[in-house]
Amino acid sequence: MINLETTYMGLQLKNPLIVSSSGLTNSVRKIKIIEEKGAGAVVLKSLFEEQISNETKHLIGKDTSNVNYPEAEDYIQTYIKGNSVSNYLTLIKEAKAAVSIPVIASINCTSSSDWTSFAKEIEKAGADAIELNVFIVPNDRNMSSSQYENLYYNIFNAVKKEVNIPISMKVGIYFTNLFSVANRLNADGADALVLFNRFYEPDIDIEKMKITSAEVLSSASDIRKSLRFVGMLSDKIKGLDISASTGIHNGEAAIKQLLAGAKTVQICSTVYEHGFDQITKILEDISSWMTRKNFKTVDEFRGSLNYGSIQNPGLYERAQFMKYFSSNEKDVLI
């Protein structure tokens, strides 16, 4: 009998498959379908700090008279923020009442302002955990990498002070030393690290000669961005759950991340492309593979191919294409 049960951030999940924060998780109707199709948990669509700020600026800009009244900006910002938060809290409450799987709230943060204090309201609304989705574009040449990293720590600690529920940090790949960042977040009390977030990336239309948006959905090859770090961090940083995200489009990809040491795997783009039935399909593929390999539980094989479990851990560290001439290894020089 195959048992897919696992734990994540101390939460009990019926399986390690999570539908990540997106338009797929912005309504109770969709969340109920996600549960019916078998997902172990759901991360609600993010509440964006940046979006709230932009909406405020847009409304203020529509009436130039507001510029002369600073209190008008405060009023508008408070109204928009309050309205957005209120709607989000309602989604949490209704989702918790409708499904039995863990409901993880998501905050997309760009600063450690008192805006993060509404995390306490998220906890009161019944969220089982909070995922902080943070990516700050390092565009100031006068700031050091450590100063940028401190912004992430400040955001985490500002939220950590407000709540008692588990907190995960969803981060990007662009750190000078991701292991140092993960170690610091672990020491500060983070419960999990999600690798990696997807964010807006610009593209250029050469015919219209304007900036456009690059592809929003991930591709199956994007798993390469996270697999190395899942495999290494799951061994090197003890006590910090690793959730793999981006490029997980089928059961094979999910199994790879679990073998590398991921506690859970998060899917999104593949559900957009194939529908909610893809959740069931991935779980069936995992169960079928476990049956063939004689595994009864996920814990039996999780991390069996991570950095600390393989004979040659240098395979995770290797960064360049090289050509070896030996009986054991022959790589094509690219």
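Modeller: Helices (H or I, at least four residues) and strands (E, at least two) are DSSP runs, numbered from the N terminus. This is a predicted model, in which local features need pLDDT of at least 70 and side-chain atom pairs count only at pLDDT 80 or more, while totals for chains, interfaces and linings use all residues. Residues are numbered from 1 along each chain as its sequence is written, and side-chain values use heavy atoms, with hydrogens and water left out.

Biologist: Which residues of helix 5 are buried, and what covers them?

Modeller: An α-helix has 3.6 residues a turn, so residues three or four places apart point the same way. In helix 5 the buried residues are Tyr148, Glu149, Tyr152, Tyr153, Ile155, Phe156, Ala158 and Val159. Buried means under 20% relative accessible area, exposed over 50%, and partly exposed in between (1.4 Å probe, protein chains only). The cover over these residues includes strand 6 (103–109), helix 4 (119–125), strand 7, strand 8 and helix 6; a contact requires heavy atoms within 4.5 Å. On the ring of one of these residues, Tyr153, there is also a charge: arginine 184 lies over the face of tyrosine 153, at 4.1 Å from the ring centre. The criterion is that NZ of Lys or CZ of Arg is within 6 Å of the ring centre and within 35 degrees of the ring normal.

Biologist: Which strands pair with strand 8, and in what sense?

Modeller: Two strands pair if DSSP finds at least two bridges between them. Strand 7 (residues 129–134) runs parallel to strand 8, joined by four bridges, and leucine 132 has methionine 169 as its bridge partner. Right-handed means that, with the strands pointing away from the viewer, the path from the first strand over the helix to the second runs clockwise. Strand 9 (residues 192–195) also pairs with strand 8 in the parallel sense, over four bridges; there, valine 194 is the bridge partner of lysine 170. Strand 8, helix 6 (residues 178–188) and strand 9 form a right-handed β-α-β unit.

Biologist: How many aromatic pairs does the structure hold?

Modeller: Rings of Phe, Tyr and Trp (its six-membered ring) pair if their centres lie within 6.5 Å; planes under 30 degrees apart count as stacked, over 60 as edge-to-face and the rest as tilted. The structure holds seven such pairs. In one of them, phenylalanine 135 and tyrosine 174 have ring centres 6.4 Å apart and planes at 50 degrees, so the pair is tilted. This pair links distant parts of the chain, 39 residues apart: phenylalanine 135 is in the loop between strand 7 and helix 5, and tyrosine 174 in the loop between strand 8 and helix 6. Phenylalanine 135 is partly exposed, with a relative accessible area of 21%, whereas tyrosine 174 is exposed, at 56%.

Biologist: What is the geometry of the pair formed by phenylalanine 179 and phenylalanine 229?

Modeller: That pair is tilted, at 6.1 Å centre to centre with 45 degrees between the planes. Phenylalanine 179 lies in helix 6 and phenylalanine 229 in helix 7 (residues 223–236), 50 residues apart. Phenylalanine 179 is partly exposed, with a relative accessible area of 21%; phenylalanine 229 is buried, at 17%. Ring pairs link Phe179, Phe196 and Phe229 into a cluster.

Biologist: What do the totals for the protein say?

Modeller: The protein has 11 helices and 13 strands. Buried residues make up 48% of its 334 residues.
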